[in-house]
Amino acid sequence: MIKSLHARHHQLANQERQVEFLQNGIFKSGKLPTFKQKIEPLGHFPLKPAKIEIFQMNIGYMCNQVCKHCHVDAGPDRKEIMTRDTMQQCLDVLTHTTIKTLDITGGAPEMNPDFRWFVSEAHRLGVQEIIVRSNLTIITANPKYHDLPEFFKENNVRVCSSLPFYNADKTDRQRGEGVFKGSIKGLQMLNEVGYGKEGSGLILDLVYNPTGAFLPGDQMQLERDFKKELKGHFDIDFNNLFTITNIPISRFLDFLIESGNYDDYMEKLINAFNPSAVSGVMCRNTVSIDWQGFLYDCDFNQMLGLKTQESSGQNISSFDVSKLEQREIVVSQHCFACTAGAGSSCQGATI
Amino acid sequence: MDHTYYNPEDLKKFGNIGEWEKNLADKFFSYYGDVFKEGDLTAREKSLIALAVAHTVQCPYCIDAYTQDSLEKGATEKGMMEAIHVAAAIRSGATLVHGVMMMNKAKKLSM
């Protein structure tokens with residue numbers, strides 16, 4: 001298993017260093033336009049939010065996997081974990097606003113010791129939609145997680161899981177040796193309790209992201225391929241496949257630089273810039289909360305330490321929907337990944 | 001002047017061919033775009049054909065472009081190599097099948 005940038009004391013484990021990198025080099029020299037320069041003529045700068053619909057909480061960076069492209073730089077060594085007090089503050093916000101979707105991510109969110117308490121509380125309080133971004137292998141990683149499918153079902157959780165390809169070769173190269181096998185087992189266990197099965201009402205979505213420095217293909221075509229292959233080889237059913245473009249931050253940024261792909265990848269994202277994808281970027285209807293309760297425009301900005309604009313409030317303790325809906329979204333060059341081609345978000349293509 | 005005939009940067013300038021003959025370039029790019037649209041063949045199948053042909057015509061620009069495009073369309077590396085073997089088999093087959101012509105000629109000439 002590879003180590004996180006954090007454990008290696010790598011320079012890109014430093015958020016400021018990453019932000020600096022995205023602002024310098026090819027962008028400082030003027031060889032490539034900045035994100036601001038691309039959206040300004042379209043009347044989208046400063047980028048403003050629409051109605052907040054998704055409350056995305058990152059409840060800890062600890063993970064049982066160490067994927068090569070992870071934008072969180074998650075891994076077993078990461079100790080940042082959200083406390084029950086902060087979770088309670090989030091629940092208070094959710095019960096006093098009209099936000100419909102709670103999106104729980106990590107790391108492996110299930111590794112937070114208060115995960116089950118939190119999900120059960122959110123369900124009990126009537127949160128309309130609860131999404132858990134589960135990496136699948138966590139289900140079989142330890143006997144204490146074996147009943148996660150049942151737990152998800154009891155709480156009507158919508159499960160959203162990464163599976164970069166329908167074979168072991170590509171999946172394991174990105175996510176680690178044996179991950180494909182573990183993911184298949186996890187998917188079968190979810191199917192057994194009804195997830196992904198027609199008529200069950202239990203939604204199981206998969207997330208595809210490219211296994212290298214290239215863009216995702218057509219979401220519908222890839223979904224058809226995944227359904228055919230996973231059904232044919234493993235009798236697995238799922239609902240939707242979401243394609244997500246790899247964001248040039250953290251471990252994926254490290255990969256791009258180390259493999260000599262950084263300049264070309266950024267240029268590719270810019271050449272694929274789709275003006276009509278700007279209005280659909282997820283930061284316009286999402287607010288991201290980190291393990292300490294700080295607020296960000298998206299999970300990627302969270303990893304870069306780019307908090308929401310100061311005047312809109314920056315912590316869950318001062319959460320104010322009306323102020324947040326007036327804020328200016330913080331952008332940098334990594335944002336090009338969300339406006340490339342058919343657009344990209346945690347809910348897949350946006351066009 | 002560069003000291004190589006091929007420069008990867010030139011691939012990005014492909015569209016510039018229209019600067020000296022716009023009408024024909026427009027027709028070509030419009031046709032090209034339509035060719036690669038999904039039809040009875042999927043976009044991925046077309047990309048793999050393009051990859052195989054790229055190797056046959058030994059065009060570095062096309063190899064660069066369609067390696068990337070095949071990956072984006074969800075092709076496996078094994079599948080991409082299989083496509084190139086198809087091209088290689090046709091190329092070598094085309095050479096060898098002409099052996100029949102050689103045999104015909106040799107038989108005619110020989111006692």
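What radius of gyration would a compact globule with 351 residues have, and what does chain A have? The globule would come out near 20 Å and chain A has 19 Å, so the two agree; the radius is taken over C-alpha atoms, and the rule is 2.2 Å times the number of residues to the power 0.38. This is a predicted model, where local features need pLDDT of at least 70, side-chain atom pairs count only at pLDDT 80 or more, and totals for chains, interfaces and linings use all residues. Residues are numbered from 1 along each chain as its sequence is written, while chains are lettered from A and ligands numbered from 1 in the order in which they are written.

Chain A has 13 helices and eight strands (DSSP runs numbered from the N terminus, H or I of at least four residues for helices and E of at least two for strands). An open sheet of eight strands runs E6-E5-E4-E3-E2-E1-E7-E8 in chain A, with mixed pairing; strands pair if DSSP finds at least two bridges between them. At the edges sit strands E6 (241-243) and E8 (295-296) of chain A, each pairing on one side only. Strands E4 (residues 157-162) and E5 (residues 204-208) of chain A run parallel, joined by four bridges, and Ser161(A) stands opposite Leu206(A) in E5(A).

Val159(A) is in contact (C-beta atoms, placed from the backbone, within 7 Å) with several residues beyond its neighbours within four places in sequence, including Phe152(A), Leu190(A) and Leu204(A). Looking across the two chains, ten residues of chain A are in contact with eight residues of chain B.
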